[in-house]
Amino acid sequence: MSEEIRIGVYICHCGTNIAGTVDVEEVAKYASTLPNVVVARNYVFMCSEPGQQMIKDDIKKYNLNRIVVAACSPSLHELTFRNVLKEAGLNPYLFEMANIREHCSWAHIDRRKATEKAKDLVRMAVAKARELEPLEEIKVEVSKKALVIGGGVAGLRAALDLARAGFTVYLVEKRPVLGGHTARIPLIRYLGVRGDDLIRSIVKELVSLPNVKIFTNSEVISLEGGVGGFKAKIRVRPRYVDARCTLCRECEKVCPVKTSNEYEYGIGERKAIYLPYEGCYPSIYIIDPEICTRCGECVKICPVKAVDLDEKERFEEVVVGTVILATGFDPYEPEKGELGYKLSDRVITLFQLQRILDEKGPTKGKLVVNGGVPRSIVFISCVGSMGTSPRAGRYCSRMCCSTIMSSALRIRDILPDSYIYILHKDIRTYGYDEDLYWRSLERGVRFVRYEEMPEVKVSGEKISVIVRDVTIGDYIEIPADLVVLGVGMAQSKYLREVLSVVRVSCGDEGFVKEAHPKLRPVDAASEGIYLAGAVTGPKSVIESVIHGSAAAARASTVLSKDYVFAEPIIAKVDEDLCSGCLICIGMCPYNAISVKQLNDRRVANVNPVLCMGCGTCAAACPSGAMQQQGFKDKQIFAQIKVFSR
Amino acid sequence: MDEEFEPKILMIACNWCSYAAVDLAGTSRMKSPHNIRIIRVMCSGRVDPQFILEAFANGADGVIVAGCRLGDCHYIEGNYKTLRRMTLLKKLLEQLGIEPERFRLEWISSADAKKYVEVATDMVEKLKKLGPLKIRFDELKKVIEEVREIE
């Protein structure tokens, strides 16, 4: 017969977080009456050093072989307590947690009812603990390679840091060139650096390293496996122009097809065969297959025969230990008619203005609107941020206030006689950027605070902005030659596609959610996947660079190891019970189950490396042969049976 | 005087979305009814319909199964399997004489703490009106045996 089950139960006060609402002493007293419970205690902080020591001492003293801690969510401290068991010589999976903080004390006010609920939760945890079995962690060999998805400034920084540390890096960028939005910023505030120069300096070093492989115009189409051994499939879309391209521009001249230029945020046009911008990486022309008519003019004129309209897409497979997701953002796109957008050429976005103000941009830095120099320029902040419209996010986009002011100062330099208005909800020039605000005030930029969104009236060439000025409590009308919408950051329009491949979860603002905002700010909820840059929410260039380095540092903690240990909560077959019906095979989303010949019959067989531990096969098994470790039928039934005592 | 009926509700929640949503509700100090007890599984796809029957047989007045939003499943498509299984189960529960209000399948994203509170509040309100589960499984077994005898 198996050994006697001896359970220790520990009720945490979490200071007053739990003890303030739940009568912890009563819960502990109650726990001590439950079957197999040898000792039940309550303590102010179970996760603290003395709290952990208490468990270890009790394990020795009372010969405990199951531990239940009633405290916070297992997402916070399950690992902490498992390690306590390990250090005390017990199998770490003989541990169960009852969540009496997030699910109980923080959610309720009534002390009586919260205490009763805590008792129920403890009883359920003890019931499961009775059925727990020791499990062995799965040892996975770490592939010393990383996959970085997204070649903007955050992804580039992460890739460079990892490559410098000696790991092989595969960098996959969806667009034909690296650099993302950063490469289109004319001047990064107080660094005095152009965005494209910053990108070039990183890319220059990156391409010089032998352990880096860059895929542009490519996307990751599948990602299988887990930390230590992800298998990724990359689709490399054809460029139709190869590296022989000398940038002679002859093809661009003869190409008959035009479209608006997304690299200038729609200011000006580009051809179907085009170079995204001067000095981009890779500096090779590309054909846009969406609009190309395959007329063949470019093929005929190319002097070095670099154009091949029949180039096919190809696929590459890589195995990596970690994945860094750095897919960035897209600017908020106002609807047609929203604040006059797309009703007049005189209403533009902040991103478009930045391109216009760029000396290397489409207007060579000249601010000309409809052939004339604007005299009255009105900026409207918080477009698409701060809940200013039903479609807008509730968040602050962090970079718009500062970008509006640095643009206003630039306009003040080139057009000293202009009238510049900034209509703002709040001013959030945090940190060093506060200087931009003071300089703007000193140089006569007029600030008007609004609470209700201003209205932009477009009638032919005449535009006026009507705003209720909070300080005077009345509406004013400002005639404008140019209206700049300070659009914020929204999630990347490709994010949905990415999320169907990389399994990470999103917050309600649509950005990817980190595992914990303070404790694990660059970790995704899934082991081995890290997040860099604006994929988790609005960030400035500088913040994105910091974030990229942080993600690389976190990824190194896996890559520097030879092995990682995966949670053994995977499916397992009881071959004696398995009838070989193989219903489970069709259930598995990872193709982890196969048929195994066992003497004269066939049984299901689980590949422990491929199994991710969802348990859907276990739910489908008619004979109960397939069981998910740690979530076995008998363990869950034990919880259900005692749930209402 | 009789105390107000307090329904007992079991919720089986997936680790990645709905369990995290309940965590978030707590962290945000949103107040929710105390009637709900949660069992955590990794994926709603782990939920065997038998769990729900067992819950009703063991004193549950209501059961909620909650997973990630469709398309957002951490395990690619586990919640679609849940959807299929639970759709069939709903029919079975009806046959057994268990009112449809007593069982809910909900998709709650990890950020949607508000939805959890709404679902929980609504369910408790409805079950208070409905009263305790009338049919007990021991009675049900008796009925089945009686039917057999008649045959």
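Predicted model: local features only at pLDDT ≥ 70, side-chain atom pairs only at ≥ 80, totals over all residues.

Trainee: OK, how far does the C-alpha trace of chain A span?
Mentor: Along its principal axes, the C-alpha trace of chain A covers about 90 × 65 × 40 Å.

Trainee: And how many helices and strands are in chain A?
Mentor: Chain A has 17 helices and 32 strands. As for its contacts, among those between residues at least 6 apart in sequence, 70% link residues at least 24 apart.

Trainee: What share of chain A is buried?
Mentor: Of its 645 residues, 50% count as buried.

Trainee: Which residues touch the most other members of the largest nonpolar core?
Mentor: They are A:Ala70, A:Ile324 and A:Leu325, in a core of 249 residues. The element that gives the most to this core is helix H5 of chain A, residues 111–131, which supplies nine residues. In soluble globular proteins, nonpolar side chains tend to be buried together.

Trainee: Switching to sheets, what is the order of the open sheet of three strands?
Mentor: In chain A that sheet runs E9-E10-E15, and its pairing is antiparallel. Strand E9 (218–226) and strand E15 (314–320) of chain A are the edge strands, each pairing on one side only, and the twist averages 20 degrees from one strand to the next.

Trainee: How many bridges are there between E9(A) and E10(A)?
Mentor: There are eight bridges between E9(A) and strand E10 of chain A, residues 229–236, in the antiparallel sense, and A:Ser218 stands opposite A:Val236 in E10(A).

Trainee: Last topic: how many residues does each chain bring to the contact?
Mentor: Chain B brings 40 residues and chain A brings 42 residues. On the chain B side, the elements that give two or more residues are helix H1 (18–27), strand E2 (36–41), helix H2 (49–57) and helix H3 (78–95) of chain B, and H1(B) has the largest share, with six residues.

Trainee: How do the residues on that side of chain B divide?
Mentor: The side of chain B that touches chain A has 18 nonpolar, 10 polar and 12 charged residues.

Notes:
Residues numbered from 1 in each chain as written. Chains lettered and ligands numbered in written order. Core = buried A, V, L, I, M, F, W, Y, C linked by C-beta atoms within 7 Å. Buried ≥ 20, exposed ≤ 12 C-beta atoms within 10 Å, placed from the backbone. Helix = DSSP H or I, 4+ residues; strand = E, 2+ residues; numbered from the N terminus. Contact = placed C-beta atoms within 7 Å. Nonpolar A, V, L, I, M, F, W, Y, C, P; charged D, E, K, R; others polar. Pairing = 2+ DSSP bridges. Axes fitted to C-alpha atoms, helices over the stretch in contact; angles between N-to-C directions.
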